[in-house]
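I opened a new page for this structure.

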Amino acid sequence: MAASCLLKRWCSTAATVTTKGTRWQRLINSRAGAWCRGLLSDYKEACREVVVGARERPLKASVYIGLLGGFYACYCTNPDDASFETSILETSNRLALLSPWIRNGTSDGHVQSLMKLRNEGRLRYARVGFASLTYYTDNDPVSSLYEAQCSVMSVPWAELPKRVLDVGFVGRWWVLHHKMKDYDINEEEFRHLPPALVATVPPSPQITEKNEKLHQDSLKAVVMDDESGVSDSIQKQEDTSVEGKQMSNTT
């Protein structure tokens, strides 16, 4: 009895394996299987040609690899809207530490306008391939105004170049970086200077370093030894006697 059950199970398992193998062979020989085999062979041939071409022309291959690596690095370092908001807050705090009298008017005005648009919710961000754009709109989309909710009255794409505020590329917002150059120099202070002072060439770094060193040396205490102290006292006595003789002669 047990032997007959075991024989039936073995026969059924063998039939199942035979059926599965038959189905697999049918799938391989079908149109889908032929298409997959052709696709794999094409990719294999393309990879082989790439390797052979790289060995024959290493300079061209290195240039292509460098371009692909550069595009990938630009894509990975493309800044997002959170980085732009962080940059605005950092520059605003940096300007807040300065007195209004020494702030650069261009830097201060640009950052203040960006902060106003941010507080009003009118800043927008768009990612364009390897770069990013920040532009402004007329209304906050969260508001319930008709102009903000109606799609017909939205800003057309033709006006986008006029509304662009900054361009992000390689992890930096370039317009904001350019505006913050010399942010602690107020150019209005030097506008009313005479032409002679305006045309004056600033000192070189070597001269500035030398003057700073001399200034630091002047703040140090004077150290005198015994011989120099005695000679200085004798010189002072001689000077005093000469002054006394001159005064007696004048009288």
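Before the handedness entry I wrote down the term: a crossing is left-handed if the near helix is turned anticlockwise from the far one by less than a right angle, and right-handed if clockwise. The model I am reading is predicted.

Entry one, the crossing. I looked up H4 and H5 and found that their axes come within 10 Å and cross at roughly 130°. That angle makes H4 oblique to H5. By the definition above, the crossing of H4 and H5 is left-handed.

Entry two, the contact. From H4, I listed Phe84, Glu85, Ile88, Leu89, Thr91, Ser92 and Leu95, which meet Ser107, Asp108, Val111, Leu114, Met115 and Arg118 of H5. I sorted the residues of this contact into 7 nonpolar, 3 polar and 3 charged.

Which residues make up the largest nonpolar core? I noted 11 residues: Phe84, Ile88, Leu95, Val111, Leu114, Met115, Leu117, Leu165, Trp173, Leu176 and Met180. Helix H4 (81-96) and helix H5 (105-120) each supply at least two of the core residues. H5 gives the largest share, 4 residues.

Is Ile88 buried or exposed? Ile88, in helix H4, has a relative accessible area of 1%, so I put it down as buried. Leaving out residues up to four places away in sequence, Ile88 touches Val111, Leu114, Met115, Leu123 and Leu176. For Met180, with neighbours within four places in sequence set aside, I found contacts with Thr91, Arg94, Leu95, Ser107 and Val111.

Technical notes: Residues are numbered from 1 along each chain as its sequence is written. This is a predicted model: local features need pLDDT of at least 70, side-chain atom pairs count only at pLDDT 80 or more; totals for chains, interfaces and linings use all residues. Side-chain values use heavy atoms; hydrogens and water are left out. A nonpolar core is a set of buried Ala, Val, Leu, Ile, Met, Phe, Trp, Tyr and Cys residues joined through side-chain atoms within 4.5 Å. Buried means under 20% relative accessible area, exposed over 50%, partly exposed in between (1.4 Å probe, protein chains only). Contact means heavy atoms within 4.5 Å. Axes are lines fitted to C-alpha atoms, for helices over the stretch in contact, and angles run from 0 to 180 degrees between N-to-C directions. Angles under 35 degrees count as roughly parallel, over 145 as roughly antiparallel, 65 to 115 as roughly perpendicular and the rest as oblique. Ala, Val, Leu, Ile, Met, Phe, Trp, Tyr, Cys and Pro count as nonpolar, Asp, Glu, Lys and Arg as charged, and the others, Gly among them, as polar.
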